[in-house]
Amino acid sequence: MRVLKGALAAVVSLVVVLAPAHAVEEDGYQLWLRYRPLANAGQAQQAAKAIVYPDKATPTIQAAIDELRRGLQGYTGKAPATGTQVSAGAIVLAKAGQLPQGFAADALADLGREGYLLKSATVQGKRVTVIAANEDIGLLYGAFGLLRALGTGKQLAALDERSTPKLQLRVLNHWDNLDRTVERGYSGQSIWNWWELPAIRERQYVDYARANASLGINGTVLNNVNSKAEILTAPWIAKVAALADVLRPYGIRVYLSARWSTPLELNETKTADPLAPEVAAWWRAKADEIYRAIPDFGGFLVKANSEGQPGPQDYHRTHADGANMLAAALAPHKGIVMWRAFVYAAEKPDDRAKQAYDEFKPLDGKFAPNVLVQVKNGAIDFQPREPFHPLFGAMPGTPLMMEFQITKEYLGFAMHMAYLGPLFEEVLKADTMQRPGGLTVAQVLEGEDHGPGEHGQRPTGMAGVANIGSSRTWSGSHFDQANWYAYGRFAWDPRGSARAFADEWAMQTFSRDRQAVTRIVDMMMRSREAVVDYMTPLGLHHLMDTGHHHGPGPWVDNLGRPDWNPTYYHKADKGGIGFDRTATGSNALAQYAPDVARRWADPRTTPEELLLWFHHLPWDYAMPSGRTLWAELVARYDRGVAEAEGLRMRWQQLKPAIDERRFDEVAQRLDQQVSEAQWWRDASVAYFQSVSGLPLPPGTRAPARTLEQYKAIKFPYAAGHH
Ligand code: GCW
């Protein structure tokens, strides 16, 4: 017996010794909240021996304590004790009025409801780290802030940080359908298991809440903007209420996409005219019903009169009439309406890029105070690159919120590496020049364009179309998690830096080895531009194949609506290529501030990145590089492919620094990205050559297949297409 025990002990200790550093296989589920052991774990343990919290641990404070315990256990190897008495080496959670001695009474004055401060301090002669905030949610954000600081190499003893969100509404938009498919979703099924709700509250919902709270995301629209009437019926409200209960402690409110014609479709009214009293009364009663089940319900997101969705214009009413009617129903409950400006109609012969501005600009100042107009970053549709939307800065009498797309409908789905941080930053930093001295898009979002006295009074916000699904990696690939991360960080601080966010993400997600992190960040920072180059260089846009948007389709010219055809956007012919949006063409330029319009009216002063967005130019147009436009176009496609190959090569160099499973999963995707980049390049070059009739520039490779072969490639079952 004893011998047996001894042998067993030997085996056990052997197993312990041989256990790899990553005892748990890394599959991506833990996102950036992995909390792997710190190099200076012992030191950190001394500074994080206990968690001291206010007498009453509300569910939100409890969430903060739980996260700190989980994180510190991971970082230091030892879970801290918890209690209400200050001790040396404690992390002290304190709200206004409970601040330890030594803190000024007004230390939290400018932190608002959600801000926090982190500070190393001496309290009652004991060294502690203080997390302080005005409200419980600030303490939770502070707890995540502290864990992020540790995870990115900061010492608790040196901590001195204040942080407040610059935007009030930091929202995810799920394009999730009630049957669990996800429009433009590449990460498996919807994480909302609607069928089993409200009875079953999956653990993944809590992890979703944690991940979002770690970034400060405070709202989520649960269902697709292409919405169904059923979502507003009693059984579905009960499902939504169950999710709201799970998310509430994490400061996340739920919102719903409302279908304009809901009461009509449910046969509860005879019309959906926003000015009909029975319609307004129906929505008021519906709002009351929702708030009875979900007292902190956020409000509605609406896609109306866009891509076939019903809306107030069906009754010859305006977007403002529609939005304000819903806003009146929500106002007694402090709910809001996010009304989308993504509208265009095939019946209108005008440039699609102009239509949102044309419809919304005249409505400036006509929206109720609890309405935000939600504007996509560019005037077409989430392309790899677009100039900023001309509505930004042009509606000073209306709160505008940003809509970014985190899911990569037009940037290679979850297959291609394309870190969107640089795209977000480029748009946010863009100067609308709508004010002397400049006015960036970020400033517009922050409400700086509003009239005197109104700044800070109006709602502000940012929305991101989620890339989250039930896939083990959440986002369909490991690197797509970074896009969720960067979105959340930019929503908190629209003036943040894509590089800095990539750096923090990589440190928390992959490795704290400086050299490895630098290499990962380098890959991320190059990746979006690579996609631009091999898909839509020099300001080209919307060249993706029909419907699913996977792969090239620059030849497509047969769709039901002209403005769905790639040929509508590139206008290539024997004479040249590009969309003339100057005064000689659609004059979309006139929608920008005069200083912007003037600069972009001349191809010589238009940034090369936007050249063919605004100009139709001859193939032999002389580019600054000295090449002709045709040669430059081919060179950009080639550069894109070379960059994709570079990403693959750089990842291979990272092999020693990355855990096996994730290394392999990323490597497979990069292989596929290289071949799809080549496909994009070859198909596009073959097509544009057939139009220009020009020989390939000397030294460039001929496409691998014929144009007809590229045209014949079809994807009837592509992901995310409905
Ligand atoms: O880009 C288009 C997408 C549609 C989407 C629409 C929108 C939800 O292809 O799938 O519909 O934008 O933003 O409303």
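**Ligand shell and domain contacts**

Visitor: What classes of residue make up the shell around the ligand?
Guide: By class, four nonpolar, three polar and eight charged residues. Here Ala, Val, Leu, Ile, Met, Phe, Trp, Tyr, Cys and Pro count as nonpolar, Asp, Glu, Lys and Arg as charged, and the others, Gly among them, as polar. This is a predicted model, in which local features need pLDDT of at least 70 and side-chain atom pairs count only at pLDDT 80 or more, while totals for chains, interfaces and linings use all residues. Residues are numbered from 1 along each chain as its sequence is written, and side-chain values use heavy atoms, with hydrogens and water left out.

Visitor: Which polar side-chain atoms lie 2.7 Å from a ligand oxygen?
Guide: One belongs to Arg-340 and another to Lys-376. For Glu-183, a side-chain N or O atom is 2.4 Å from a ligand oxygen. A polar contact here is a pair of N or O atoms within 3.5 Å.

Visitor: And how much of the ligand does the protein bury?
Guide: The protein buries 97% of the 340 Å² that the ligand exposes when taken alone (Shrake-Rupley accessible area, 1.4 Å probe).

Visitor: Switching to domains: how many residues of domain 1 and domain 2 are in contact?
Guide: 13 residues of domain 1 contact 13 of domain 2, contact being heavy atoms within 4.5 Å. About 1100 Å² is buried between the two domains, 52% of it on carbon and sulfur atoms; buried area is the accessible area (1.4 Å probe) that two parts lose on being put together, summed over both.

Notes:
Polar contact = N/O pair within 3.5 Å; in protein donor to acceptor, adjacent residues only side chain to side chain.
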